[in-house]
Amino acid sequence: MRAPRPATEAQSAWHAPAPRLRRRQLLLAAASLCACPRVAAAFGEEGAFNPRILLTGTDEWRGARTTAPARWSEELMRRTSAPARLSPTTVRADDPALLAEPFVVWASHKDPDPLSRREVRGLRQFIALGGLLLCDDFEPERGAFARGAKREITRVLPDASPIEIGPENVIFRSFYLLRRAIGRIEGAPKLEAIVRGGAVQVILTGHDLLGALARGAGGVETIDVVPGGARQRELAIRLAVNIAMYLLCSNYKDDQVHAPFLMRRRALGQP
Amino acid sequence: MSSSFALSADLALPYVVAACVLAGLGLALLLLELWRKRDSGVRAGLVAATGVLALAALLVAVLRPVRIHTRGTSAGPAVAVLVDASRSVDLPGDDGRSRREATALALAALGERLAGVRLRVLTFGDGAPKVLEDPRAPRFDAPPERTSDLSAALRAVATSTDEPPNALVVVSDGRLDRPGEDQPGAAARAAAAPLEVPIHTVAVARREPVDAAVRAVRAAGAAVAHQPLRLAVEVACTGGMACGELPITARELHHDGPSLMRASGKARVADGRGVVDLELTLDRAGKRILEIGIDPQPGDQIPGNDRRYLTLDVTRDRVRLLHVAGRPTYDTRALRTWLKSDASVDLVAFFILRTPTDQVNAVGDELALIKFPVDDLFTLHLPSFDAVVLQDFDAEPYGLTRHLPSLASYVKNGGGLIMVGGPNAFVSGHYGRTALASVLPVALDGIAQKDAVDLATFEPVVTPAGRRAPVLGPLRGLLGPGLPPMSGTNVVGDLRPGATALVEHPTRKTPSGKAMPVLALGEYKNGRSIALTVDGAHRLLFSTFAAETSGRAHGAFWDALLGWLMRDPRFEPAVVDLAAPCLAGEEATLRLRSAFGDGAQAKVEVTRMGSGELVRRVDVALPTGDDAAPLPLGKLDAGGYSVKVELADGRAAPSRYDFACEAGGDEWADPRPDPVRLAAIARATGGVALGLDGVDELPLPEAEQVLSERHVRALVPPWLAALVAALLLGGHWIVRRRAGLA
């Protein structure tokens with residue numbers, strides 16, 4: 001008798017649909033060769049996760065964390081079925097290309113310059129269309145960027161204010177079951193977010209998430225995590241994966257079919 | 001010839017009376033004057049005599065009396081006979097005759113009885129009565145009517161501009177729609193009120209036929225998909241048939257294949273009547289046809305009323321939709337966001353978040369992943385969904401392949417299917433040469449895996465059908481003629497028969513040389529399917545292109561696709577309905593109208609549900625504007641029928657309309673004659689209630705005189721009367737003077 005083939009999301013690899021994987025990788029690799037933001041993506045990569053870096057004012061994207069977006073995509077592809085751009089790009093807040101995809105990461109260590117009118121308008125349109133903005137502070141200890149980003153976001157969304165979100169939010173169970181937020185630094189256990197129409201549209205992390213993802217040549221992590229340990233970096237990566245999966249699936253894990261199962265699993269006390 | 005006398009030919013009665021009173025008053029004054037004179041001699045007598053003569057002559061001169069000579073004929077009374085031509089006339093009557101035969105006998109007997117009567121014979125049924133062309137014919141051949149509305153017929157006769165009848169005669173079995181069982185006499189009297197004539201009745205049947213029947217089927221509330229519907233089924237046994245317990249079944253008719261048992265029960269028949277409640281749940285929205293039937297009973301004289309057909313307009317509280325995605329992408333996100341935002345959609349979603357080769361770097365309990373319940377979903381729960389969306393989903397690795405035949409059956413039985421493109425869809429998703437491929441609107445044959453996707457960016461082109469199809473109307477209303485460019489496509493083959501391409505590839509061709517479909521709609525037996533070969537529809541929601549419409553184009557696109565899949569009338573290219581409820585053996589007529597209103601040509605195909613037998617195939621020119629084209633279907637047998645209307649030139653996917661023909665309908669449901677009701681009508685209007693053998697006793701109204709000549713001649717020529725009156729007045733004056741009166 002032939003054994004039933006377990007169709008599952010959670011089980012470990014038991015057979016490899018090799019042609020499909022090869023095709024996916026080939027497609028993504030082909031697309032990755034073309035890093036120009038204005039070039040259309042290839043079939044299958046059209047809707048792939050792309051952690052674009054948002055630039056405002058005269059800022060440029062430099063430094064140790066420039067490898068973080070690619071690492072984010074790589075980890076997402078390695079761990080999940082989601083496609084991702086291996087060579088993420090940057091986009092300016094006043095560039096119409098901001099509206100090309102629904103995700104951007106605004107990250108810095110310093111207080112950002114006040115947004116121009118065109119930048120405010122661009123970001124407002126981005127949010128109105130349903131985009132997700134992640135604000136990541138490289139130096140949460142100082143909090144200069146976090147404060148400045150909140151100030152500017154208030155100009156973009158004057159009628160919205162951030163609230164704390166914790167494990168009750170779907171972001172904390174969109175792929176991994178997470179008990180708290182964590183990045184390069186441990187920081188507050190919760191994230192801050194602006195929720196509109198039931199959907200999280202702006203996430204503010206005081207954890208330097210990109211710092212935990214950054215990697216140097218040869219794959220060596222270039223920025224130490226605080227207080228430290230591989231487990232912390234792993235949990236930071238998991239948070240990044242969850243944010244990406246929330247972006248791609250929205251509140252899928254809030255569906256009724258998942259709820260009883262996830263509640264039972266949470267009750268087991270796993271991280 | 002007759003003659004008569006009249007005091008005046010031209011003065012009205014009040015003037016005649018006034019003249020007579022004045023004359024009498026003058027005479028009284030004269031007598032008073034003579035009495036006061038105390039003169040009773042010859043002279044007084046002469047005064048009195050001349051005074052009376054003068055007054056009489058004056059009265060004659062004023063009134064001018066005439067003699068009238070008339071000549072005329074005696075006409076028979078006017079009688080209107082109203083004959084019941086409802087469908088119950090074909091039911092069995094008394095003494096082995098049908099009620100139609102009994103009606104012919106009644107008309108013959110009435111013809112003899114009313115020989116000297118001016119007779120008008122009308123049939124009644126629906127609305128105003130119709131003239132029976134040859135009432136003396138040996139057979140009563142009037143076509144059966146759907147109802148028996150005597151009230152409407154009486155009202156029409158009473159308000160007609162024709163000569164009002166002196167009496168009405170109703171020939172019927174008494175099983176009338178109107179007046180009903182409650183106070184039929186008063187209702188009939190009110191309907192014929194302006195006439196105030198007696199209504200006599202002739203009952204063509206008195207005995208109940210031996211019959212078991214489904215008398216009525218009542219639905220408690222509206223039919224909603226996936227929600228239990230309670231039907232109260234009333235059965236009856238008449239004519240002494242002993243039924244005891246009658247098994248009852250409710251079956252749903254299907255387009256091509258056997259009907260599906262939905263509920264069954266047993267009705268305990270007491271005093272000839274029994275009621276049973278059946279509870280059933282229908283999975284699909286739209287027009288659904290139920291056959292409610294009882295087992296044939298021995299001795300049943302009317303087998304045609306053993307089953308009734310109930311056409312239900314099944315609505316849906318919410319569209320229950322299964323969304324299965326092979327991987328999370330922006331396209332998945334966009335579709336899910338729209339589906340979740342639509343309150344009318346009850347969404348069950350399963351996304352493959354992890355492939356077997358992914359390295360999650362975590363133990364199972366650290367993951368928020370659940371097993372993809374492919375077996376439960378596509379066996380146990382599949383019928384509960386109105387539609388299934390397979391988005392970029394590979395059938396092979398996740399065990400769907402073994403369920404593709406049941407998924408194809410699901411579509412065949414009325415389910416909806418949308419396959420959305422991506423690297424794991426269509427041929428790449430291992431759907432080629434599977435049962436599911438046969439229910440898609442595009443062929444997948446002959447496409448190798450290596451050629452299964454086309455990576456070239458292209459701008460999709462809306463086809464002529466797409467430009468006219470209501471399903472793309474909302475999208476085109478927002479976007480105009482253009483569509484956003486797409487980054488490649490799944491490669492598919494030609495359209496399947498009956499499918500329509502609304503959007504196509506600008507350069508890529510199918511094996512037959514036609515443009516490759518990008519968005520195609522198709523109908524497969526009871527279900528519908530949609531093929532969308534691209535994975536970039538999310539660009540209608542979020543892109544620089546989408547920003548121009550604030551992302552509303554995405555919702556407009558999917559709302560219309562889902563609406564078409566669920567047979568929302570807004571997105572049907574043709575509007576079809578029946579001119580009147582269909583009854584077996586009678587002419588049935590469809591009405592067809594194009595949603596475009598521009599005079600399209602349409603191919604119409606009528607098939608019998610269950611067997612799929614082709615009943616009619618015809619090309620019809622649909623009129624312009626809102627007018628509907630009538631399409632006679634001829635006489636159909638009892639059962640369910642499906643009409644497929646396809647507009648010519650592949651303008652849009654076909655529309656479908658299902659209907660049922662009943663053997664007798666309501667008219668046969670209760671076959672008992674009702675002579676009591678006829679008697680009540682006769683009694684209330686001063687008529688008599690008779691049977692077939694009592695027509696000779698029908699009372700006749702009195703004959704009427706009709707004048708043909710009339711001559712008027714003065715008794716005394718006016719000049720002579722005036723002359724005599726003047727002479728007598730003068731003579732009276734002279735006599736008075738000589739008698740010493742003033």
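Predicted model: local features only at pLDDT ≥ 70, side-chain atom pairs only at ≥ 80, totals over all residues.
I then looked up burial, and 47% of the 271 residues in chain A count as buried.

Next I listed the secondary structure of chain A, which has seven helices and seven strands. Along the sequence they follow the pattern α-β-α-β-β-α-β-α-β-β-β-α-α-α.

I turned to chain B and picked helix H5, residues 184-191. Which of its residues are buried? I found B:Pro184, B:Ala187, B:Ala188 and B:Ala191. Looking down the axis of H5(B), I saw that these buried residues fall within an arc of 95°, so they line one face of the helix. A handy reminder for myself: an α-helix has 3.6 residues a turn, so residues three or four places apart point the same way. I also checked what the buried residues of H5(B) pack against: helix H4 (150-158), strand S7 (199-203) and helix H14 (675-685) of chain B.

My last stop was an open sheet of three strands in chain B, with the order S25-S27-S30 and antiparallel pairing. Strand S25 (574-578) and strand S30 (629-635) of chain B are the edge strands, and each pairs on one side only. From one strand to the next, the twist averages 25°.

I zoomed in on one pair there. S25(B) and strand S27 (residues 587-594) of chain B are joined over five bridges in the antiparallel sense. Where does B:Leu578 find its bridge partner in S27(B)? The partner is B:Leu590.

Note on methods:
Residues numbered from 1 in each chain as written. Chains lettered and ligands numbered in written order. Pairing = 2+ DSSP bridges. Helix = DSSP H or I, 4+ residues; strand = E, 2+ residues; numbered from the N terminus. Axes fitted to C-alpha atoms, helices over the stretch in contact; angles between N-to-C directions. Buried ≥ 20, exposed ≤ 12 C-beta atoms within 10 Å, placed from the backbone. Arc of directions from axis to C-beta. Contact = placed C-beta atoms within 7 Å.
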